[in-house]
Amino acid sequence: MSELELTINRTIAAPREKVFNAWISPNAMAKFMRPPGCITDSKVKNDPTKGGRFEIIMVTSEREIPHYGTYLEIDPHSRLSFTWGSPHSLDDSVVTIDFVEAGQGKTDVTLRHVKFRNEESRDGHNKGWTAILDSMDEALA
């Protein structure tokens, strides 16, 4: 069922440049790239260049959850695309995030994630990405 995908749309209350830059800043990513309900900052290493790699270790009270990937496309302030590896995703899973100005210092973010092991994995990632976008909105407010 590798054709499974998800799309999440969200308006973030911050200018597009600030939202985009948060997605590539290790310090900012540590604050919002975390599992649902977790308040502990993640451990982040990042090389935000095409072909560059990132590693995000999400920390919960029970364990550390590794996430990693390679940047496929970086179009400043408009689009990011990267592979996404985690214990619950396929190795060739890809995330694409588009950033569009929404006026008055707001940004429309469209996150599309393709290729999952099964519907349960897709639904889990849907919850995870939704929590990440919620955390990002709070962190940038």
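The model is predicted, so local features need pLDDT of at least 70 and side-chain atom pairs count only at pLDDT 80 or more, while totals for chains, interfaces and linings use all residues. Residues are numbered from 1 along each chain as its sequence is written, and side-chain values use heavy atoms, with hydrogens and water left out.

**The whole chain**

Let's begin with the overall plan. The protein chain has 3 helices and 7 strands; here helices (H or I, at least four residues) and strands (E, at least two) are DSSP runs, numbered from the N terminus. In sequence order they give the pattern β-α-α-β-β-β-β-β-β-α.

How does the radius of gyration of the protein chain agree with that of a compact globule? For 141 residues a compact globule would come near 14 Å, and the protein chain has 14 Å, which agrees. This radius is taken over C-alpha atoms, and the globule rule is 2.2 Å times the number of residues to the power 0.38. Along its principal axes, the C-alpha trace spans about 40 × 35 × 25 Å.

Of the 141 residues, 43% are buried, where buried means under 20% relative accessible area, exposed over 50%, and partly exposed in between (1.4 Å probe, protein chains only).

Now look at strand E5, residues 79-83, where 4 of the 5 residues are buried. Two strands pair if DSSP finds at least two bridges between them. The table shows the pairings of E5.

| Pair | Sense | Bridges | Facing residues |
|---|---|---|---|
| E5 and E6 (residues 94-101) | antiparallel | 5 bridges | Leu 80 and Ile 97 |

E4 and E5 form a hairpin with 3 residues between them. In that turn, His 77 has a positive phi of about 70°.

**A closer look at Phe 32**

Find Phe 32 in helix H2, which covers residues 26-32. Is Phe 32 buried or exposed? Phe 32 counts as buried because its relative accessibility is 2%.

Which residues is Phe 32 in contact with, leaving aside its neighbours within four places in sequence? They are Ala 22, Trp 23, Ile 132, Ser 135 and Met 136, with contact meaning heavy atoms within 4.5 Å. Phe 32 and Asp 134 are 102 residues apart along the chain, yet their C-alpha atoms are separated by 8.2 Å.
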